[in-house]
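Visitor: Could you walk me through this one? I'd like to start with the ligand and then move on.

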Amino acid sequence: MAPSQTLVSPDDALALMNRNMDVLEGAVKEAAKQGAHIIVTPEDGIYGWVFTRETIYPYLEDIPDPEVNWIPCTDPTRFGRAPVQERLSCMARNNSIYVVANIGDKKPCNSSDPKCPSDGCYQYNTDVVFDSEGKLVARYHKYNLFMSEASYFNYPKEPEIITFETPFGKFGIFTCFDILFREPAVVLVSELQVDTVLFPTAWMNVLPFLTAVEFHSAWAMGMGVNFLASNTHNTIMSMTGSGIYAPDGARAYYYNMKTEDGHLLIAELDSHPRLSTAFPPAVSWSSYASNVESCLPDENDFSGLIFHDQFTFTELSKPEGSVTVCQKDLRCHLSYKMAEKRDDEVYVLGAFDGLHVVEGQYYLQICTLLKCKSTDLSTCGQPAETAQTKFAKFSLSGTFDTNYVFPEVLYSGVQLAPGEFEVLSDGRLQSKNGTSKPVLTVTLFGRHYEKDLPHPLRSFL
Ligand SMILES: NC(=O)CCCC[C@@H]1SC[C@@H]2NC(=O)N[C@@H]21
């Protein structure tokens, strides 16, 4: 992988992409050898990042609509020069495995189209899927571009809701920053009822709520869907964290900020998770918290910033008990018991109800049990990666006025807690038998899509 702000020839661009595809091909062969049906590779994994509209151009290919029934491996020149699609298609066909990859699409246009960019071409961040015979079966243009990406890729005119059927379930696909927004992510699951989401990503981790493994596993659980998240691994950019997630928790995940090693994850999932006996029941997110006592103004409450959002906090000053904290319409309730109350660690219960406005605008309702960075309360909300306090019990709930709440449990060292917690139908997120490791955060991350600004105004500031 190499960044590119200088203009290179199409041959040099292809040489770089071939080096990246050499790595991906190794993973494809190994996955197929181990019996996998489908493999997802990361966003930016082939062409890289940091471009201008001009410098990305040599990396782009015209990717046709999959309805043309095309196997690039056997008919490589049918739609012009397409060496990247040809190689991906052959990887799929030669190894009898579905291959999901992120590449760049170009669509020439002219002045008959009033929206045609001045350089005469639409350029899209695009996911493609080749089936086990190498046929192009899905093409998805990323709808929610992240920050500077919008300077070299175009927004598609409408959100594309892309699904395809396989012998092992119905699939949907979207890319990275899309996960924060309603379209196409929520539509694919709630309306199109896909079984499994494919998710190429280049995700920079942000503690305490937006590390990749934490947020992606929580989204899978909150939405009740299988989720295959393939992240770019680049520790300098805080990118690490891929996972294979089922609605009841992670089946496999990888988080490694220590070395630059990539890692192939393999796991078995239910093809139709909604039909499984393990499928979690529907949740009425505000049921429990609506029936606990309301908030009174509390002189012990204080404010603090988490990722630029102003939370209201209250300290967990006793080894066990029940606490409530409120902000605007959101009331958060926690009942807890620490395994041991330590003098050198402080935990708080926090609430946030408002519009997040940094690196995109999205409306949030969040209840969180959180370890502060130090015992100084002014550090509460700053990223903390380690903790020492285990909890014998936690039960967190809130008066959310959205159905889209994603339950996160993150242990010391940015580790997940599969099988150790559950969400009850009344909206309580609770430990089953206490925590096996010290706790960084337990969070109910709610998204209020109806209050969002229209696309694409919300995507950058
Ligand atoms: N390539 C992308 O679309 C990456 C976007 C995900 C980044 C997540 S969402 C907001 C947080 N800000 C970050 O820097 N990382 C988080």
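**Around the ligand and beyond**

Guide: By class, the shell around the ligand holds 9 nonpolar, no polar and 2 charged residues, where Ala, Val, Leu, Ile, Met, Phe, Trp, Tyr, Cys and Pro count as nonpolar, Asp, Glu, Lys and Arg as charged, and the others, Gly among them, as polar. Please keep in mind that this is a predicted model, in which local features need pLDDT of at least 70, side-chain atom pairs count only at pLDDT 80 or more, and totals for chains, interfaces and linings use all residues. Residues are numbered from 1 along each chain as its sequence is written.

Visitor: Which residues surround the ligand?

Guide: The ligand is surrounded by Glu43, Phe146, Cys176, Phe177, Leu180, Ala202, Trp203, Met204, Val206, Leu210 and Glu359, a residue being near a molecule if its C-beta atom, placed from the backbone, lies within 6 Å of it.

Visitor: Changing topic, what is the domain assignment of the chain?

Guide: The assignment gives domain 1 (10-275) and domain 2 (287-459), with bounds that come from an automatic or database domain assignment. The centres of the two domains, taken over C-alpha atoms, are separated by 31 Å.

Visitor: And how many residues are in contact there?

Guide: In domain 1, 28 residues are in contact with 26 residues of domain 2, contact meaning that C-beta atoms, placed from the backbone, lie within 7 Å.

Visitor: Which element gives the most to the side of domain 1 that touches domain 2?

Guide: That is H5, with 8 residues, while helix H4 (182-191), helix H5 (212-223) and strand S10 (249-254) each supply at least two. Helices (H or I, at least four residues) and strands (E, at least two) are DSSP runs, numbered from the N terminus. The residues on this side of domain 1 divide into 21 nonpolar, 5 polar and 2 charged.

Visitor: Where are the cis peptide bonds, then?

Guide: One joins glutamate 183 and proline 184, with omega about 0 degrees, and proline 184 has its place in helix H4. Another joins histidine 455 and proline 456, with omega about -5 degrees, and proline 456 lies in the segment after strand S21 (439-447).

Visitor: What about serine 238, is its phi positive or negative?

Guide: Serine 238 has a positive phi of about 60 degrees although it is not a glycine, and it is found in the loop between strand S8 (226-231) and strand S9 (242-246). For background, most residues other than glycine have a negative phi, and most peptide bonds are trans.

Conventions: Two residues are in contact if their C-beta atoms, placed from the backbone, lie within 7 Å.
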